[in-house]
Structure formats: C-alpha cells, structure tokens
Amino acid sequence: MHSIRRHLLGLVLGSFVFAAAVLGLAGPAAAHDAAESNTPAQGASVAVPPEQVSVTFNNNPLGIGSSFSVKDASGAEWADGPVEIVDNVASQKLKAGGPAGQYTVAWRVVSSDSHPIEGTFTFTASAAGQGADPAASATAGATVPGMGTAEPGVTAAPETAGSGEPFQWSIVIFAAAAVGLLAALAIIARRRLAAGADDEG
C-alpha cells in the first residue's frame, strides 16, 4: 500500500513539474517584439528639428507595412519619404525647415513574428530648422502624405481604436492540457488507492 502511494505521489509531482515547464516555455514564445529606445528620446529637447527620427527594437522588424507620422504642434506632417529599416532600427527622414516647438511621432511596424506593434513619443525643438518658412507649416500637411510607408506601393494598415496585442490562445491551450493531465492522474490515483484498499480487505 505504501509503495503504491509513493508511486502515485511521484506521478502527481512529476505532472506538476511538467505543467510548470510547459507554461514557462509558452510565456516567452508568446511574447512579441518591443521598442527598446527612440531617437530623439521621449520628451527630449533638441536645438533644431532633426533630419530623421528612429526607433530601435529588440528584434529586427519586417520591412513591410511600416509607417511613421511626425507632426508639429499645428498638426502639419513632416515625415518625408519611406520608412528605412536597417537591422533592428526603423528610421524616418523629415522635411527640412521644421518650426520650433513640440513634435509628436507615431510609429507602426510589423514585428519579426508578423504582429503589428505601434507607439508614440514626443520631442521639442528649441529653434526652427534651417530654411524654415512660416508658410511651410501651413502647407506641409497638404504636400506630404499622412504617414511614410516602408516600401512603394505598400499601405500601412488603418489605425483602429483600442487596438492592442492579440490574445495569446497558446497559453490557454497549454494550461488546459496541463489541467487535463493533472485531472487524469488524480482519477487514476484514486482508482489505484481504492483497488489497494480492496486488496488489503
């Protein structure tokens, strides 16, 4: 009887270890790429508007479906041309002559696991860029597309309110499998204990 109990206890403990290992592996596999830093840094103050802005990721994003929007305080768009992706850095060139003031950068890329990720950051230019024209801000939005695209002919996916990371069903599936395994082992354990008690009787 004692040997049966020790055997069943070993099975139950082993199943717990297995379930923990499965769930531990599922977590990293479900994690998506993320932005590590951006240039200029969030809230930074620069002398004049930079020639380009960039975002650095923990993995190399895909070169399709990427977009940047760089707007000044009046809402004029200053992104110029396509998004350039080199390794894990996505960059967007800006038009020359941007005004002084705050800029808001909204970016969107497709991560290495094919999921779209996005974010925003702001910076402030203390002075206008070289060759700034007071009329440039008013007309920039009409002459520059709302967002740069990663490649010609590729259109960024439309923004959707409340969009976020997709629900990770793989974690639920792994958890359900682990729970099912534990339930099956518990049933087998009860049956063996009952059988052992009958044999002793």
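Q: What average pLDDT does the chain have, and what share of the residues scores at least 70?
A: pLDDT is the predictor's confidence in each residue, from 0 to 100. The chain averages 74, and 57% of the residues score at least 70. This is a predicted model, in which local features need pLDDT of at least 70 and side-chain atom pairs count only at pLDDT 80 or more, while totals for chains, interfaces and linings use all residues. Residues are numbered from 1 along each chain as its sequence is written, and side-chain values use heavy atoms, without hydrogens and water.

Q: What is the strand order of the open sheet?
A: Strands (E, at least two residues) are DSSP runs numbered from the N terminus, and two strands pair if DSSP finds at least two bridges between them. The open sheet has four strands in the order S1-S3-S6-S5, with antiparallel pairing. Its edge strands are S1 (35-39) and S5, each of which pairs on one side only. Neighbouring strands of this sheet are turned by 20° against each other on average, direction ignored; here the axes are lines fitted to C-alpha atoms, and angles run from 0 to 180 degrees between N-to-C directions.

Q: How many bridges join S3 to S6, and which residue is the partner of valine 55?
A: Five bridges join S3 (residues 52-57) to S6 (residues 89-93), and the two run antiparallel. The bridge partner of valine 55 in S6 is alanine 90, and threonine 56 stands opposite valine 89.

Q: How many residues lie between S5 and S6 in the hairpin?
A: Two residues lie between S5 and S6, and aspartate 87 in the turn has a positive phi of about 55°.

Q: Is valine 86 buried or exposed?
A: Buried means under 20% relative accessible area, exposed over 50%, and partly exposed in between (1.4 Å probe, protein chains only). Valine 86 is exposed, at 57%. Its C-alpha lies 9.1 Å from that of proline 61, which is 25 residues away in sequence.

Q: Which residues have the most contacts inside the largest nonpolar core?
A: A nonpolar core is a set of buried Ala, Val, Leu, Ile, Met, Phe, Trp, Tyr and Cys residues joined through side-chain atoms within 4.5 Å. The largest one has 20 residues, and Val53, Phe68 and Trp107 have the most contacts inside it. S3, S4 (62-72), S7 (101-110) and S8 (116-125) each supply at least two residues of this core.

Q: How many aromatic pairs does a search of the whole structure find?
A: A pair of aromatic rings is described by the distance of the centres and the angle of the planes. Rings of Phe, Tyr and Trp (its six-membered ring) pair if their centres lie within 6.5 Å; planes under 30 degrees apart count as stacked, over 60 as edge-to-face and the rest as tilted. The search finds two pairs. Phenylalanine 57 and tryptophan 107 have ring centres 5.3 Å apart and planes at 80°, so this pair is edge-to-face. The pair links S3 and S7 across 50 residues.

Q: Why is the pair of tyrosine 103 and phenylalanine 123 stacked?
A: The planes of tyrosine 103 and phenylalanine 123 are at 5° and their ring centres 5.2 Å apart, so the pair is stacked.
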